[in-house]
Amino acid sequence: MKLFDLLKIWEPTFDASKAKVHLARYNGNERPLDVFLEGKFDWWQRWQTKRNFQREFVVSLVNTGSPTRWLYAGLFRSIDYVEEADPKPHYFYTLERVPSCEEWVGRLYLESVYTGRPSYLRGETLANDLTVVELLPERLSIADFPGFKAVNLTKAQLDIVVRNQSAAWSAALSSVKGVYVITDTATGRLYVGKASGADGIWGRWCAYAANGHGGNVALRQEFGIEAPEERRHALRFAVLEIADLSATEADLCERESHWKSVLLSRNHGFNRN
């Protein structure tokens, strides 16, 4: 299913010829996904250095780390704009969300074949692109910790949690040791690891946010500095079981070994011991 086909169903007046597509990417200062999760995307998008939204509709998509993977951020109507000079010349748009297309905001993940540099495209350019690849049951949110059994973070989401030092996530994950699993969604291979340090799972996962491999030999080979960024963003992080901070190294090693055997991560994954 293509995004534009859905938009035509949700909003009958929508047409590609009436739309601009905003591919919101990292601008060297702000990451659009961070802005979206902080609830500031609408205001952030209104500020433009050029007259980028000179059509009736604006289809807003947020990059999620991989160059071809996007999160649907909303369909907007471009009402008008004012030209301002302070702090530097820019255009400030009045954009209104289209209510009929709001239910899927922050839930639809899209895959695109487009890899060009321009971020503001005519609707016709992507009308037959932007394939829906995932629909989340709820709107993407990082603010609240969902409970250990429900943790399922992409690498991009983990980066946001760590970069923003999310209080809820930090408090929860640093309060426990435990065993976790990292899934390479591109290949299905698993890595089972243990968090036995004083900072618990939080301390261990901060290392993965920093470099993508946490120092593990096999993960470094696959996701190290020479790997393209989209490889690291294929990773997902989940908690298999937790233990209190008094758990011994021997206890955690035993449980880690158990899960490696259960999930066959030595034979078919990234575990080598």
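1. A nonpolar core is here a set of buried Ala, Val, Leu, Ile, Met, Phe, Trp, Tyr and Cys residues joined through side-chain atoms within 4.5 Å. Buried means under 20% relative accessible area, exposed means over 50%, and partly exposed lies in between, with a 1.4 Å probe and protein chains only. On that basis the largest nonpolar core has 66 residues. Those with the most contacts inside this core are L3, F4, L7, V59, L61, Y72 and W205.

2. Ground rules. This is a predicted model, in which local features need pLDDT of at least 70, side-chain atom pairs count only at pLDDT 80 or more, and totals for chains, interfaces and linings use all residues. Residues are numbered from 1 along each chain as its sequence is written, and side-chain values use heavy atoms, with hydrogens and water left out.

3. Overall make-up. The protein chain has 10 helices and 12 strands. Both are DSSP runs, numbered from the N terminus: helices are H or I with at least four residues, strands are E with at least two. Of the 273 residues in the chain, 49% are buried. The C-alpha trace spans about 65 × 35 × 35 Å along its principal axes. Contact means heavy atoms within 4.5 Å. Among contacts with a separation of 6 or more, 69% are between residues 24 or more positions apart.

4. L61 is among the core residues with the most contacts. Which residues does L61 contact, leaving aside its neighbours within four places in sequence? They are L3, V21, H22, L23, A24, W70, L71, Y72, A73, L110 and L130. L3 and Y72 are also on the list of core residues with the most contacts.

5. Strands pair if DSSP finds at least two bridges between them. An open sheet has the order β9-β12-β10-β11, with antiparallel pairing. β9 (153-154) and β11 stand at the edges with a single partner strand each, so one side of each has no neighbour in the sheet. β9 pairs with β12 over two bridges. There, L153 stands opposite F237 of β12.

6. Strand β10. Seven of the eight residues of β10 (residues 177-184) are buried, so this strand is largely enclosed by the rest of the structure. Eight bridges join β10 to β12 (residues 235-243), and these two strands run antiparallel. V181 has A238 as its bridge partner in β12. Towards β11 (residues 190-195), β10 pairs over six bridges, also antiparallel. Here V179 has K194 as its bridge partner. The β10 and β11 hairpin has five residues between the strands, and G188 takes a positive phi near 85 degrees.

7. L240. This residue lies in β12. Is L240 buried or partly exposed? Its relative accessible area is 24%, so L240 is partly exposed. Leaving aside neighbours within four places in sequence, L240 contacts V179, Y180, V181, V192, W259 and L263.

8. Helix α7. The buried residues of α7 (residues 200-211) are G200, I201, W202, W205, Y208 and A209. Seen down the axis of α7, these fall within an arc of 120 degrees, so they line one face of the helix. The arc is that of the directions from the helix axis to the C-beta atoms. G212 follows α7 and has a positive phi, near 85 degrees.

9. R232. This arginine is in helix α9 (residues 229-232). R232 counts as buried, at 12% relative accessibility. A polar atom of its side chain lies 3.1 Å from the backbone oxygen of F223. Not counting residues up to four places away in sequence, R232 touches K155, N211, G212, F223, G224, I225 and A227.

10. A search of the whole structure finds zero disulfides, a disulfide being a pair of cysteine sulfur atoms within 2.5 Å. C206 is partly exposed at 21% relative accessible area. C253 is partly exposed too, at 32%. I9, in helix α1 (residues 3-10), counts as exposed at 60% relative accessibility. The C-alpha atoms of I9 and S257 are separated by 51 Å, and the two residues are 248 residues apart along the chain.

Technical notes: A polar contact is a pair of N or O atoms within 3.5 Å; within protein, one must be able to donate a hydrogen and the other to accept it, and residues adjacent in sequence count only if both atoms are side-chain atoms.
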